[in-house]
Amino acid sequence: MAAVSQEQTFDIRKATPKDWPGIWTILEPVIRDGETFTWDRDTTEEDARSKWTKDAPGQTFVAVHKDTDEVLGTGEFHANQAGGGSHVANAGYMVGANNSGQGIARALCAYSLSEAKAAGFYAMQYNAVVESNVRAVWLWQSMGFRILATVPEAFDHPEIGYVGLHVMYRKL
């Protein structure tokens, strides 16, 4: 019952240009930590904005507090490949450290699955889920994703060294 009341404190919607400062406050610490995303830890704000902002049929979206419109988390989806692979979406999500455990990542994922299907995608694939990010692995599996393969030692975690990257997939 608690999860329902927590989910009611935020909305998920398409991002607008005015959301960027809030999105950057979420992205920057995750990028700098270097524990869950394969981005260079010194990625500039300009490069991050270019990389995170997606055009249709992809989308960039935010979870915002219903009362304050504060950005609590963000996500994006886009075609995983071009041409013959463009029917499969790829997505990423980031939640602010102070907002962990509130169901925001689950809601961002659910939103992206629904919106990607509505945009005409057939399936969704995650190319690089860090295997030491056990909370995310568990969450994506609970959302219907399965691990297709793990590339051993493909991610250099700043604290624990080389760990695997999971390729995860589900139909929409």
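Select Asn 90 to begin, and look at its side chain, which makes a polar contact with the side chain of Asn 80 at 3.2 Å; a polar contact is a pair of N or O atoms within 3.5 Å, where within protein one must be able to donate a hydrogen and the other to accept it, and residues adjacent in sequence count only if both atoms are side-chain atoms. This is a predicted model, in which local features need pLDDT of at least 70 and side-chain atom pairs count only at pLDDT 80 or more, while totals for chains, interfaces and linings use all residues. Residues are numbered from 1 along each chain as its sequence is written, and side-chain values use heavy atoms, with hydrogens and water left out.

Asn 90 counts as buried at 10% relative accessibility, where buried means under 20% relative accessible area, exposed over 50%, and partly exposed in between (1.4 Å probe, protein chains only). Leaving aside residues up to four places away in sequence, Asn 90 touches several others, including Phe 77, His 78 and Tyr 126, a contact being heavy atoms within 4.5 Å.

Next, select strand S4, where Asn 90 is found; helices (H or I, at least four residues) and strands (E, at least two) are DSSP runs, numbered from the N terminus. Strand S4 (residues 88-95) pairs with strand S5 (residues 123-130) in the parallel sense over two bridges, and two strands pair if DSSP finds at least two bridges between them. Val 88 has Ala 123 of S5 as its bridge partner.

Within strand S6, select Glu 153, which has a positive phi of about 50° although it is not a glycine, and which is exposed, with a relative accessible area of 57%. Then go to Asp 69, in the loop between S2 and strand S3 (71-79), where phi is positive at about 65° and the residue is partly exposed at 35% relative accessible area.

Select Ala 56 and Pro 57, which are joined by a cis peptide bond with omega of about 10°; Pro 57 sits in the loop between helix H3 (45-52) and strand S2 (59-65).

Finish at residues 1-7, where pLDDT (the predictor's confidence in each residue, from 0 to 100) stays under 50. Where pLDDT is low, the predicted coordinates should not be read in detail.
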